[in-house]
Amino acid sequence: MAKAIKILLIEDDVNLADNVVDSLKDFADVTSVQDGLDGEFEAKESPFDLIICDLMLPGQSGLDIIKKVREAKVVTPVLILTAKASLDDKIEGFNVGADDYLTKPFHREELLVRVKALLRRTGVYSEDNTMTVGELSINLENRGVTVHGQAVKLVGKEFDILTYLGQNKNIIVTRDQIFDRVWGVDSDTTINVVNIYLNNLRRKLEAVGQGGLIKTLRNIGFILEVPDDQAD
């Protein structure tokens, strides 16, 4: 079963990368790359909820990656993972756009705590693994959706689309972003499948009085629009 939370790990130490993936495997889907140039590409092109980035990398440094993704208006939170522990190193990382800093070696428990803390700030994660979007309650663990206690029966991709839109509520997302997040950039499926699943999702939401929740902005994208007094 695919997990709703997606993390990009940029780390060239294969053993450490494997340990990080193993530490997070029950919590999130982790994409791991070892090269700085590959890391920049993935961070810019694929929608992730969190980036974990080493500083000393082949291709280009972690600082260069962070600087470039911030210049590209990518706001995904970044956790620096590095052996460089001086105050100057930390200040430099924060100045280019990092959100937190974890020094090697580290305990698995601390990594998970910091990851969850960053994801809570963006509303992607809550301790009970439930996300509230307007009148919808979305359980990320059992993949259930309810409206005032009434169940909304969604199939896999319908749930994934709703979750992604909910994690980006009141933010416009493009059809390409939905496709990349839910099906993956390497999928052989055509992008038109997004419209099919969105239409099915809308019909099911309409049946429980939530038909106007997801709006289409012609030639731009889609938005799950929630009034400010219902946003949390």
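Start by selecting helix H3 (residues 62–71) and helix H4 (residues 87–96): they pack at an angle of about 20°, with axes 8 Å apart. Those axes are lines fitted to C-alpha atoms over the stretch in contact, with angles running from 0 to 180 degrees between N-to-C directions. H3 is therefore roughly parallel to H4 (angles under 35 degrees count as roughly parallel). Helices here are DSSP runs of H or I with at least four residues, strands are runs of E with at least two, and both are numbered from the N terminus.

Before moving on: this is a predicted model, where local features need pLDDT of at least 70, side-chain atom pairs count only at pLDDT 80 or more, and totals for chains, interfaces and linings use all residues. Residues are numbered from 1 along each chain as its sequence is written, and side-chain values use heavy atoms, leaving out hydrogens and water.

From H3, pick Leu63, Ile66, Lys67 and Arg70; from H4, pick Glu92, Gly93 and Val96.

Next, hop to Val74, in the loop between H3 and strand S4 (78–82). Val74 is buried, at 13% relative accessible area (buried means under 20%, with a 1.4 Å probe and protein chains only). Beyond its neighbours within four places in sequence, Val74 contacts Ala43, Lys44 and Val69. Draw a distance from Val74 to Gly149, 75 residues apart along the chain: their C-alpha atoms are 36 Å apart.

Last stop: select residues 128–226. This stretch is 34% helix and 23% strand, and its end C-alpha atoms are 21 Å apart.

How values were computed
Angles under 35 degrees count as roughly parallel, over 145 as roughly antiparallel, 65 to 115 as roughly perpendicular and the rest as oblique. Contact means heavy atoms within 4.5 Å. Buried means under 20% relative accessible area, exposed over 50%, partly exposed in between (1.4 Å probe, protein chains only).
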